[in-house]
Structures are given as C-alpha cells and as structure tokens.
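Keep the sequence and the 3D view side by side as you read.

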Amino acid sequence: MIRRPGDAQFTAFVQDAWRPLYRSAYLLLGEHGAAEDLAQAALTKTYAAWGRVREPDAAYGYARTVLLNEARSLFRRTSWRRELPSDDLPEQTHEPDPSDRPAVLDALRLLPPRQRAVIVLRFYEDLDVERTADTLGCSPGTVKSQTSAALSKLRRLLGDAVLPEGALHD
Amino acid sequence: MTERLSALLHDEALDVPVPAAPAEAIIAGGRRTRVRRRLGAGAVSAAAAAAVAAVCLMPSDGSGLRLAPDPAAASPLDPAGWAVSAGSTLYLGNGATAQLPDKVKSIYYTSAGTVVRTGTVAYTDAPDSAYALVGDDGRVHSLGLALGDRAPSTDPRLPYLAYAQRRGNTGHDAWDVVLRDVRSGDVAVSVPVDGSFTWGGWNAPPVALDGDHVYVGLDDATLDVDWRTGAVSTASHLPAARFPESTSGRVALENRSGQPVRVAEVSTGASVAELSPGGGPGEGPAAVSISPDGRFALLVPWRTCDDDNACVYDQPASEVLQLDGGRSATVDLGDQVGWTPDGRLIRVTGQGVDLCSPVTAVCDPTGIRLGEGPVKVGGNSYES
C-alpha cells in the first residue's frame, strides 16, 4: 500500500524543504528559472513517490537525493554537455585590490557549467570525487581535472585568502 | 585548503533570494505525474522556435587535406545492421552474436559492421577502453585504437570512425579531424582545423560524422568539414561550444533552457518540425532522438535513475514524429529504445527485443533473448 501525504502535511514539508533545495539548485545551475524548475521537479517527484519515504524525518534527505538525481538526468542530457565557454578572465596588470574581488557566487558565475557544478557538488554538497563523477556522468579523472581548472580560475578571482596556493588539486 | 571556499559557499548561499515555495503547483504536479504514469504519453502540440546563433570563422580551402586514394562512397543503409548488447555479448540484427572481451559501453553503426567500445566502466578515458569492429558474421576485429577521452562518431552509410586529435604540441587551438577506416584500421582522411577548444572536458573537441561532413564543436563555432574536399567552414545553423549533432542532415535544436523546440535542416536552418517545450518542470520531452535515416524523431521522455544507474522512463510511451509527413504515432517504450540504421525503433523490455514501426507503432518480437549485464541499444549516444 503506497502512502500518500495529506495536502497539509506535504505543504508543511515543502515550506521547510524549498529554501535549501532551491539554493542547491541555484548554485548548481546558476539561473533562477532553472533552479526553480529543478527544485520544483524534485519536490513533485518526492510527492509522487511519497510511499518510499519511510520516515517523515527522512523526507528532506529523500528530496535532496531526488534533486541530485534530477540534476544527474539533466547533466547527462546532450544539451547540458554542450557547455558554454566561460568568459575570458581579464589579464591582471597589477595586484588586485582585495576589496574589488567578487563574492564567491559571482565568481562561480564566470565558470563554465560543468566546472561550476563540480565546485558546488564537491564543496557545497560535499560529494566525493566518485559520487560527483557519477552525478555528472563523467570520469573521476575528468572531475579532478575540472576541479583543478575551476579552482585555478576561482583563485585568480578570489585570491589567496579564499584559496591558498596548494588548494588547486585534490 | 578548500575549507574557506566551502564555508563561503554556504554563507553566501543563505543570501540567495528564494521565491515563494509553489506548494500547490508541486502537489498538483505530483498528482498529474501519477495520472500520467497510469495513462501513458500525452500529446505533443506545435509551438515555439529557437534562435540560432551564427558565427563566422575564416574558411579553409582544404589545402591541408590528406585523403586516401579511394575514399569510400556512401552505402545504402542496412536494415539488418542494427545491434543490441547485454554485458559483453553483442546481438546483431541478422541473428549473429559476438562475444567481446569486456562489457560493451557504446555501439556505433558503420557500413562495414558494428563498432563497439568496450571496457569495465563507461568512461571514454578508462584505461581499458577499446574499440572493435564486429562483422556481420559476428567475428570481432580489434581496431587497436587507444582514443583516450575523445568522443568519436560514425555514419551507418560509411566505413569510418571519425574523431579529432590534437595536431602536434599546439595546445588547444590546432586539431586534425581524422576518419579511420574500420575495415583496415588505416587513416583514410585527415583534415586540419584551427580553433580553440576549452568548453568541454574531452582531450579533443567532439565530432559528428554525417555523410560528407564532419561537424567539430569548438569554442567559437561548430565547424563544418567537408572531408572529401577538405573545405572547412562554419556550420552557421549549429550552435558553438556544443556537442555537435547531425543525423542525415537534421538536428534537434533547443532553447536556452535546454528544452528541445524544433528539428531543423543543418544546412539551411529551416524548420522540419516544431515541438512544444512544455510548460513546467518535467513537462515536454527531455530530448529528441532523430532516426539514423533522418525520417523520424522520437520525443524521449525524462527518466529517473536509481543509485545503481538503472533508469526508467517517467512515461511508458512517447510519440514518434514523421518529419516529412507531419504525422505521429505513440509507441510503448519498454525499458530502453534505440534505432536501426533504416529508422525502425529497437525496443528492449526485460530480456526481450522488439522492432517497432515508427509509422504504425506496431512492434514485433525479434526472438532475441538478452543475457545478463548492462544493456546498450544501438542508435543511442553513450558518450559522456
């Protein structure tokens, strides 16, 4: 017998889960409309599969798994592999003023989609290399090389205080 | 060393503006999902067109072309030239089977037989990744190719495996587009192209072989290489910095959200069919798969995968469009579908393999019973 949540029960769950799921989706995809679609899709599937959520306390973990699963489906579509190149980083002719440096999320927007996703999955979602590779549909070697390339770019943008020398490799 | 980055990410994420939770829409969507799963596929309506960015590069006159003395002419599509695999066993459409030394990871149709990529894991850059040609008699001929992390391509009318490789020690800006004859293992064609490739994680830009053309996905343009003449131009109707696709001269184009919105002619950009991208998350097709002969387009539903990578379609059936007739049929998808070279659907359900008419949606069993192991179906791209 598949349990279905009552509307009031599920609405309360959505109110709790929406913000963290939306933030994860936004960091992964970098675009509000797409983030809303992804978070909404994750919660829609959570509703539809509520019978698999054995404990109400586990519902958020389930929804987060569904969100990463949805993201994995998205990443594995050919269209997502068709990444846009990052904007070229400007050549630095002088030591940058630390106060001019962008926030981390601004810097994240300058990364190509796969590199951005690698950073978010590894350092926000705290996934290991293998799980990140599985989510993105690429090899662990590619995750490592993309992580290294992304950290190099972020270090140029954010400076040593955020990413000290030596933080560029696993 | 990355603790500070992680902490800042979490801190700044708290400042991301979050819209109100659409609880009612989510609950309504969840209910619709249940209903759709019971009823099957919905209808597809027309709408929407996508703008296609055009870019220009300096054309090449083909002076760098290296061409074998007798390049292959295009062969007719072989109706029996399809294949499905389970584990390390390849099942050919003519009834023959072949045992590969490792699991089949990808299937490529050629006019000389079926080329497979094998290995223990799906990644193209796995150290044991290998390519072999399986003839119509089921005999396996290793191609002795170590392509590494590259995404090759074939055309079922030609005996070639196409890929790009870096030209010398030239960084990320100079490439050779190579067509390797799978019958001999020799390089039949090599065409130099120039352009930056940094957008993807492969060792060389991905390519798509389609007739006399090889499309090369570079940062600033997708190049159109006429491999018979060596002429290189910009494929002005294919987007730059993308995994190039062209199937019998046709391509599925997507909007900025990645939703497929139309099928177009690669050469002119003219629309062949327009699609509804759907009104919300999970709505509309996840992708459009064009048959190798270019006559049909399958609207591929979204799939849900579990932690073991076992995936099921969110809808049990979907529509196949006749691109030149405007008609459509709804086909039950089973577990997985692919294409024969001549444009019939291959459907795998459990261990059974059916062939389905994309016109009538009638499916007939082939008599093949798949063995154990992960299933791959010809006519799909398994590159990642």
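A:Tyr60 is found in helix H3 (residues 59-76) of chain A. Helices here are DSSP runs of H or I with at least four residues, strands are E runs of at least two, and both are numbered from the N terminus. This is a predicted model: local features need pLDDT of at least 70, side-chain atom pairs count only at pLDDT 80 or more, and totals for chains, interfaces and linings use all residues. Residues are numbered from 1 along each chain as its sequence is written, chains are lettered from A and ligands numbered from 1 in the order in which they are written, and side-chain values use heavy atoms, without hydrogens and water.

**A:Tyr60**
- A:Tyr60 counts as partly exposed, at 30% relative accessibility. Buried means under 20% relative accessible area, exposed means over 50%, and partly exposed is in between (1.4 Å probe, protein chains only).
- Leaving aside neighbours within four places in sequence, A:Tyr60 is in contact with A:Phe13, A:Ala17, A:Pro20 and A:Leu21. Contact means heavy atoms within 4.5 Å.
- A:Tyr60 and A:Val14 are 46 residues apart along the chain, and their C-alpha atoms are separated by 9.2 Å.

**Chain A overall**
- Chain A has 8 helices and 0 strands.
- Of its 170 residues, 57% count as buried.
- The mean pLDDT of chain A is 74, and 72% of its residues reach 70 or more. pLDDT is the predictor's confidence in each residue, from 0 to 100.
- Over residues 78-101 of chain A, the pLDDT is below 50. Where pLDDT is low, the predicted coordinates should not be read in detail.

**The largest nonpolar core**
- This core holds 66 residues; A:Leu27, A:Leu28, A:Ile119, B:Leu5 and B:Leu9 touch the most other members. A nonpolar core is a set of buried Ala, Val, Leu, Ile, Met, Phe, Trp, Tyr and Cys residues joined through side-chain atoms within 4.5 Å.
- Helix H1 (residues 7-29) of chain A gives the largest share, 12 residues.
- Domain 1 (7-80) and domain 2 (96-158) of chain A both give residues to this core, so it lies between them. The domain bounds come from an automatic or database domain assignment.
- B:Leu5 is in contact with residues of chain A including A:Val104, A:Ile119 and A:Phe123.

**B:Arg347**
- B:Arg347 sits in strand E27 (residues 345-349) of chain B.
- B:Arg347 is buried, with a relative accessible area of 14%.
- A polar atom of the B:Arg347 side chain lies 3.1 Å from the backbone oxygen of B:Asp332.

Terms used: A polar contact is a pair of N or O atoms within 3.5 Å; within protein, one must be able to donate a hydrogen and the other to accept it, and residues adjacent in sequence count only if both atoms are side-chain atoms.
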